[in-house]
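The stops below are given in the order in which to select them.

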Amino acid sequence: MSKQQPVLFNIGWNACINCGACVAICPQEAGFVSPFDTIAVDRPCDIACLLCEQICPVDTITHVPAPAPATQNGAGVR
Ligand code: SF4
C-alpha cells in the first residue's frame with residue numbers, strides 16, 4: 001500500500017477570501033486550522049489528499065514536501 005509523502009501547505013494570504021472551504025473539506029482531525037481559519041500551514045499534513053487545493057475557489061493553496069523529521073539518534077538532515 002502506498003503512503004503519501006507529508007506536505008506543508010502555503011496559502012497566498014492576499015488572494016484568500018476566507019471562504020472556509022479548505023477547512024470544511026479537510027479530513028484531518030479537528031484543529032488542523034491556521035489563525036486565519038484556513039487549513040494549517042505550520043505543521044505537516046500526513047494525509048496529503050490535496051482536496052483543499054482542489055476546492056479552493058481562488059486557487060491559492062500550494063504545497064511543498066515536508067522536511068524529513070530528525071532521527072531519534074539525532075542524526076537528522078543538516
Ligand atoms: S479555500 Fe482558499 S480562499 Fe477559501 S479559506 Fe481556504 S485558502 Fe482561503
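This is a predicted model: local features need pLDDT of at least 70, side-chain atom pairs count only at pLDDT 80 or more; totals for chains, interfaces and linings use all residues.

**Whole chain.** Colour by secondary structure. The chain has two helices and two strands, and along the sequence they follow the pattern β-α-α-β. Of the 78 residues, 12% count as buried. Among contacts with a separation of 6 or more, 62% are between residues 24 or more positions apart.

**Ligand.** Select the ligand and the residues around it. Which residues come nearest to the ligand? They are C16, C19, A21, C22 and C56, out of 14 residues around the ligand. By class, this shell holds 10 nonpolar and four polar residues, and no charged ones.

**Nonpolar core.** Next select F9, C22, C26, I39, C45, C52, C56 and I61. These eight residues make up the largest nonpolar core. In soluble globular proteins, nonpolar side chains tend to be buried together. Two members of the core, C22 and C56, were already selected at the previous stop as being among the residues nearest the ligand.

Stay on F9. Leaving aside neighbours within four places in sequence, F9 is in contact with I39, V41, C45, I61 and H63.

**Loop between the helices.** Move to the loop between helix 1 (21-25) and helix 2 (51-55), where D46 lies. Is D46 buried or exposed? D46 counts as exposed, because it has 12 C-beta neighbours inside 10 Å and a residue with 12 or fewer falls in that class. Draw a distance from the C-alpha of D46 to that of Q28: the two are 8.8 Å apart in space and 18 residues apart in sequence.

A48 lies in the loop between helix 1 and helix 2 as well. A48 has 16 C-beta neighbours inside 10 Å and so counts as partly exposed. Check its backbone: A48 has a positive phi of about 55° although it is not a glycine. Most residues other than glycine have a negative phi.

Finish at D59, in the loop between helix 2 and strand 2 (61-65). D59 also has a positive phi of about 55°, and it is not a glycine either. With 11 C-beta neighbours inside 10 Å, D59 counts as exposed.

Key: Residues are numbered from 1 along each chain as its sequence is written. Helices (H or I, at least four residues) and strands (E, at least two) are DSSP runs, numbered from the N terminus. A residue is buried if 20 or more other C-beta atoms lie within 10 Å of its own, exposed if 12 or fewer, and partly exposed in between; C-beta atoms are placed from the backbone. Two residues are in contact if their C-beta atoms, placed from the backbone, lie within 7 Å. A residue is near a molecule or strand if its C-beta atom, placed from the backbone, lies within 6 Å of it. Ala, Val, Leu, Ile, Met, Phe, Trp, Tyr, Cys and Pro count as nonpolar, Asp, Glu, Lys and Arg as charged, and the others, Gly among them, as polar. A nonpolar core is a set of buried Ala, Val, Leu, Ile, Met, Phe, Trp, Tyr and Cys residues joined through C-beta atoms within 7 Å.
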